[in-house]
Amino acid sequence: MKSTVRYAFLKSLPVLFGYVFLGIAFGILMQQAGFPVWMSLLISLIVYAGSMQFVLVTLLSSGASVVMTAAMTLLINSRHIFYGLSFVEKFKAMGKKCFYMIFSLTDETYSVLCSVRPEDKVDQKKAMFLIAVFDQAYWVAGAVAGAAVGGILPFDTTGIDFSMTALFVVIFLEQWRSEKSHLPAVSGLISATAFLLLLGPDNFILPSLIVTVTILLLCRRKIEEKTEVRGDAD
Amino acid sequence: MPIKWEYALLLILTTALVTLLIRAVPFLLFGRGQKMPDAAVYLGKILPPAMMATLVVYCLRSIHLTQYPSGIAELISVGVVAGLHLWKRNTLLSIAGGTVCYMLLIQNVFAV
């Protein structure tokens with residue numbers, strides 16, 4: 001039991017610094033825009049979406065319309081549509097916790113959950129739930145701290161958000177080692193890069209993911225031939 | 001506060017609801033009792049590496065290749081993360097090393 005908590009904490013540790021400091025940045029932004037602390041807390045508790053929360057500060061400040069807000073959210077968070085696909089059965093088996101698992105499926109939590117291996121000798125459901133809870137706790141703590149005492153950090157934290165990029169790079173490499181077929185990784189990389197160059201940083205992610213998914217569906221036989229050699233793992 | 005708090009609350013709830021709905025799509029489609037279609041199971045299995053690649057590109061999206069020194073610190077630091085990880089395979093070390101490298105670079109070498 002204790003070892004499951006320890007396992008979940010260690011798994012969530014890479015998210016800690018990134019989330020605390022991104023949370024602080026969000027809190028400071030809210031405070032500077034003139035919003036009360038409770039609102040930063042509320043947003044981090046019920047919205048809980050990294051980049052979208054930063055956009056939300058702008059939307060709130062300018063008094064954007066509900067339709068505009070919904071449309072921006074759809075656009076910015078669309079990539080999250082694909083995350084649940086890998087966890088439908090696993091989350092369903094978690095009973096009441098299923099709802100929280102779906103709600104809290106951010107980029108970072110998704111990535112860490114992908115790195116939970118069946119070989120790891122722990123209570124998987126409990127570990128996944130704890131990882132999700134720890135991650136949001138870091139985020140909420142950062143946001144409240146930023147909104148309450150913002151701007152008085154003792155050292156220059158510029159660039160600390162790079163730890164999120166580093167987390168994705170590490171998990172990418174881990175998956176590269178364990179996956180028999182590299183086609184998913186390679187097509188994701190090429191498609192994302194191509195669409196970034198083509199469409200620019202604001203609109204590339206959804207078209208890129210649609211193309212990647214299409215390629216992977218078309219290459220299904222080829223990929224399954226490669227992966228099924230090692231038996232139906234997972 | 002720049003706007004009325006009731007209206008702020010409305011916008012916050014809208015964002016929360018839309019975000020939750022997006023995350024819930026696979027569960028609304030395939031979570032109801034019956035078996036998931038083969039194609040969806042297959043996608044769920046193979047998508048994580050593709051998503052991870054996409055997220056790395058997403059994180060680096062604001063690099064301008066034509067503007068010096070944009071992107072140099074990022075590329076060096078991604079290299080440090082990858083190098084450390086291939087060498088030691090210690091997740092925390094790779095992330096900490098790369099992040100410290102990035103912070104030192106943009107705060108000192110490529111400071112604007």
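1. A nonpolar core is a set of buried Ala, Val, Leu, Ile, Met, Phe, Trp, Tyr and Cys residues joined through C-beta atoms within 7 Å. A residue is buried if 20 or more other C-beta atoms lie within 10 Å of its own, exposed if 12 or fewer, and partly exposed in between, with C-beta atoms placed from the backbone.

2. The model is predicted, with local features needing pLDDT of at least 70 and side-chain atom pairs counted only at pLDDT 80 or more, whereas totals for chains, interfaces and linings use all residues. Residues are numbered from 1 along each chain as its sequence is written, while chains are lettered from A and ligands numbered from 1 in the order in which they are written.

3. The largest nonpolar core has 99 residues, among which Ile131(A), Phe168(A), Ala53(B) and Val56(B) touch the most other members. H1(A) supplies the largest share of this core, 13 residues. Because domain 1 (2–159) and domain 2 (179–234) of chain A both contribute residues, the core lies between them; the domain bounds come from an automatic or database domain assignment.

4. Leaving aside residues up to four places away in sequence, Val56(B) touches Thr165(A), Phe168(A), Val169(A) and Phe172(A). Contact here requires C-beta atoms, placed from the backbone, to lie within 7 Å.

5. Chain B has four helices and zero strands; helices (H or I, at least four residues) and strands (E, at least two) are DSSP runs, numbered from the N terminus. Its radius of gyration is 21 Å, whereas a compact globule of 112 residues would have one near 13 Å. This radius is taken over C-alpha atoms, and the globule rule is 2.2 Å times the number of residues to the power 0.38. Of the 112 residues of chain B, 43% count as buried.

6. At the interface, 62 residues of chain B are in contact with 80 residues of chain A. Helices H1 (5–30), H2 (38–59), H3 (72–88) and H4 (91–109) of chain B each supply at least two residues of the side that touches chain A. H2(B) gives the most, with 20 residues.

7. In helix H3 (residues 50–62) of chain A, Gly50(A), Met52(A), Gln53(A), Leu56(A), Leu59(A) and Leu60(A) are buried. They lie on the same side of H3(A) because they cover an arc of only 145 degrees around the axis, the arc being that of the directions from the helix axis to the C-beta atoms. Thr58(A) and Ser62(A), on the other side of H3(A), are exposed.

Terms used. Two residues are in contact if their C-beta atoms, placed from the backbone, lie within 7 Å.
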